[in-house]
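Please read these notes beside the model.

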Amino acid sequence: MKRQHGQHEDVEEAEDGTLLWELEVHADPDVFVARQKMKQIARLLGYRSQARTQLATASSEIIVNALNHAGGCRVRFYAGGGDQRLVLWTVVRDKGFGLTRRATEEGTGGATARNLVDLFQINAEPGQGTTVALGKRLRGHRVSERELRAVMDRVARTEPRPSLK
């Protein structure tokens, strides 16, 4: 069963982590870039193939929703977890009308995303936009600050294509 937390807990926890990469999404090619970057980061951090695919798919679902309903979004990938197991987070923030609870009911992209990750939180205010945080725990071992810095350096060397805005 997937865990859901209080109103702002996960988003704040995610954003307290180490920012690994970010992108403004304005067009479909940006979604592909974000998905590939998530898979790259997850691989470099030691996530298994199935977990990488789950996190990339969940992230893509939320990003596509923000693109379709809000015209775009900012995507940030964070690593956090403190003394506990590492959590790789995707935080998607848009400036749309605010996502409703219905958007995460079965049969929607939000429900698909929620079912693929360990941690899922939506913060939405009508007229203020929506922030979605998705987190997947790394099974097995912890990642040091030094390893995170190495991942950040490697990810930064492979910048994405610019948007076709």
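1. Two strands count as paired if DSSP finds at least two bridges between them. Helices (H or I, at least four residues) and strands (E, at least two) are DSSP runs, numbered from the N terminus. The model is predicted: local features need pLDDT of at least 70, side-chain atom pairs count only at pLDDT 80 or more, and totals for chains, interfaces and linings use all residues. Residues are numbered from 1 along each chain as its sequence is written, and side-chain values use heavy atoms, with hydrogens and water left out.

2. Strands β1 and β2 are antiparallel and share seven bridges. Within this pairing, leucine 19 has tyrosine 78 of β2 as its bridge partner. Strand β3 (residues 87–93) also runs antiparallel to β2, again through seven bridges; there, leucine 88 of β3 stands opposite alanine 79.

3. How many aromatic pairs does a search of the whole structure find? The search finds one, where pairing requires ring centres of Phe, Tyr or Trp (its six-membered ring) within 6.5 Å, and planes under 30 degrees apart are stacked, over 60 edge-to-face and the rest tilted. Tryptophan 21 and phenylalanine 77 are stacked, at 5.6 Å centre to centre with 15 degrees between the planes. Tryptophan 21 lies in β1 (residues 18–25) and phenylalanine 77 in β2 (residues 73–80), so the pair links parts of the chain 56 residues apart. 

4. Strand β2 is largely enclosed by the rest of the structure, because six of its eight residues are buried.

5. Helix α2 (residues 28–45) has 18 residues and should span 26 Å at 1.5 Å a residue; its end C-alpha atoms are 26 Å apart, which agrees. The expected span is 1.5 Å times one less than the number of residues. Just after α2, glycine 46 has a positive phi of about 100 degrees.

6. The buried residues of α2 include Asp30, Val33, Lys37, Ile41 and Leu45. Packing partners of the buried α2 residues are β1, α3 (49–70), β2, β3 and α5 (145–156), with contact taken as heavy atoms within 4.5 Å.

7. The axes of α2 and α5 cross at roughly 145 degrees and come within 10 Å. Axes are lines fitted to C-alpha atoms, for helices over the stretch in contact, with angles from 0 to 180 degrees between N-to-C directions. On the α2 side the contact is made by Lys37, Gln40, Ile41, Leu44 and Leu45; on the α5 side, by Leu148, Val151, Arg154 and Val155.

Notes: Buried < 20%, exposed > 50% of the residue type's maximum accessible area, 1.4 Å probe, protein only.
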